[in-house]
Each structure stands twice: as C-alpha cells, then as structure tokens.
Amino acid sequence: MSRYFVLVLCYTIIIDSGKCVNDTEDVFEDENNTISTSIRDLEDYPACVIDEDCLDISDEMGKDYKCFQYMCYPWNDSELEGQFKKCQSKDDCKELSEEEGGDGGDGDCFRHHDIKQVAKGICLRQNEAQSCSEHTDCPDTLKCVNKYCGDGEYFAALGEQQCVDDSVCRDLLLGELCCYDVSGPPHTWPDVEDGQTMSRKCCDNEQGVPVIAPAYNVSGQIDSSLIERLDQLLRSVEEFEMNQMYCLAFNNDVRDRMDSCNHGKDSGTESRSSTWSLGSLGTLAFIILTL
C-alpha cells in the first residue's frame, strides 16, 4: 500500500472522526457507513487473474501461492497466511471477527477451484464472496474484481498489469482495448532496434485507438527529436504498418509534427494539384480550338 494513499486516507478520517488507523491497514466504509478494515495487502498477496500469475512470488518466497479470487495467497503456510481464517465450508466462518476480515456476522468460505490439490479455503465477508459481472452488482464500496466483489486497490493493480488482447480487458472490466503504453517518460520507451517490445495495458479512449499517449501530450512540452522517436516507435508496431491510426491518440499540435501522420496529407495535396493542372490544360486547349 502506498504511503501517499495512507496519508490521504488518514487525513480524511482525522477530519471526519478525529482518529486514524494503523498504516498497515486499508480502510473503507461498508454498506452501513461504518469504518471497516481489510486484511488483504498487495505487497504480501499480489494481484492475479490465474494461478500462473503467482509463479513469480512462489519462486521468490519458496512457497506455493495460488490465485484466490484475485490475490496470490500462500494457502498452505501458517507463517505467511496472515489473519485469514481457514475453512472447509461455510460453517467454519460463523461470527467472523474484524481481526479475521469480517464484521462480526457469519462469513462465507471461498474455496480454490482445484479442491483436490488446494485443501483449505479462507473465510470472507459475505459481500466479498459474492460473484459479479459488472461493478453495479457489488456494494458501492467494492469493485467487481476478476468476477468477485472486492477490493478497489486490487482492481487498480490488475489495470497496471500487461494485457495480451482486447477480450481479456473487457472480461475484467478494465477497458475496451489492450493498448500500447507510451505514457511513461522517454527513458522507459523500448528500443525497437534492439528488439524490445512495448508494454500493453488495458485502456479506453474517445478515439477508439489502442494507444495510451504520454500525459504531456502537448507540443510545447515535447521536443521534435522525441516526437520523431515516438512516431518511429509506434510505426514499428505490426498493427500500425498498414495505417497510422495511432495518430488519433495525439492532439493536433503533436500529430502535425509526426511525419507518418502527415504523409497522407502531403500526398492528397499533390494529387489535387496534379488534377487541377490537368483540368486547367484541358480547358485551355478547348478555348484555343474554338477560336
């Protein structure tokens, strides 16, 4: 959890209630407008969509992490499993305490889909065990995260992960497009001549173009050499070989300084000039013949 988020959150709570919670806990308001704590932590339990997303942390920690809903969880390690209460069925989750991630009421038991290999589940608040297909299926305090009502921070974390195609983005409600991301500073852009490829993230934009443009998408804030490099970078993408639709992701000032985005304009102007010249010659010849 970022310190910036905690500081802002604490400041809000101090104003509203005169107190702030421990900086290791995530705070949100539940349906009854009471303050509750989440025992999920992105640093300890990274975001995931499938079990394969948990291979890196499994290798790093030397433990078996599986994707529980949308978080990588060390299901079979008592030292790393945290405060989650273990369960085999819903009966094991009665009167789930706040320390266990509950609200004092009966919780629900989430079981991993591979119940033969993953023998233990975890108790969750009932609203966090609820399945969903849209954000509106969940309480206002939760997002639809990998088909479960859950923590908004995990939804944001999934949005930062790389995507491979549009359908995954739509399924996860992260955007309509899997976009080439050039939003970072120039030193983060890949070197296409060295065989590096661009990272891709889910996104939406008004133009329907699969590109996340730099935040400094203003001509005066980016010099010509960087615009040329950006143009070359996007032009190298196979998807853009037959067209320059990526041009639409930029404002007019930047677009007008990209060679690829102006190639069609120049050709069109030359074509119209040629047509006008031939027409003028034809008219002139007709006038001479009628004299």
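Analyst: Apart from neighbours within four places in sequence, N146 touches C48, V49, Q69, Y70, L158 and L172, where contact means heavy atoms within 4.5 Å. This is a predicted model, in which local features need pLDDT of at least 70 and side-chain atom pairs count only at pLDDT 80 or more, whereas totals for chains, interfaces and linings use all residues. Residues are numbered from 1 along each chain as its sequence is written, and side-chain values use heavy atoms, with hydrogens and water left out.

N146 sits in the loop between strand 8 (143-145) and strand 9 (148-150). Helices (H or I, at least four residues) and strands (E, at least two) are DSSP runs, numbered from the N terminus. The relative accessible area of N146 is 12%, so the residue is buried; buried means under 20%, exposed over 50% and partly exposed in between, with a 1.4 Å probe and protein chains only. A polar atom of the N146 side chain lies 3.2 Å from the backbone oxygen of V49.

Next, the cysteines. A disulfide is a pair of cysteine sulfur atoms within 2.5 Å, and by this rule there are 10 disulfides.

C87 and C109 form another disulfide, S to S 2.1 Å. With 90° about the S-S bond, the link of C87 and C109 is right-handed. C87 lies in strand 5 (residues 86-87) and C109 in strand 6 (residues 108-110), so the pair ties together parts that are 22 residues apart in sequence. C87 is buried at 2%, and C109 is buried at 14%.

The sulfur atoms of C93 and C123 are 2.1 Å apart in a further disulfide. The link of C93 and C123 is left-handed, with -80° about the S-S bond. C93 lies in the loop between strand 5 and strand 6 and C123 in strand 7 (residues 121-124), so the pair ties together parts that are 30 residues apart in sequence.

Strands pair if DSSP finds at least two bridges between them; strand 5 and strand 7 are joined by two. In this pairing C87 stands opposite G121 in strand 7.

Last, the charged pairs. A salt bridge is a side-chain nitrogen of Lys or Arg within 4 Å of a carboxyl oxygen of Asp or Glu, and the count by this rule is seven. E81 forms one with K86, the closest N and O atoms being 3.4 Å apart. E81 is buried at 13%, whereas K86 is partly exposed at 22%.

In helix 5 (residues 224-235), R235 and D231 are four residues apart, about one turn of the helix. Their side chains meet in a salt bridge, 3.4 Å from N to O. R235 is partly exposed at 38%, and D231 is buried at 3%.

Technical notes:
Polar contact = N/O pair within 3.5 Å; in protein donor to acceptor, adjacent residues only side chain to side chain.
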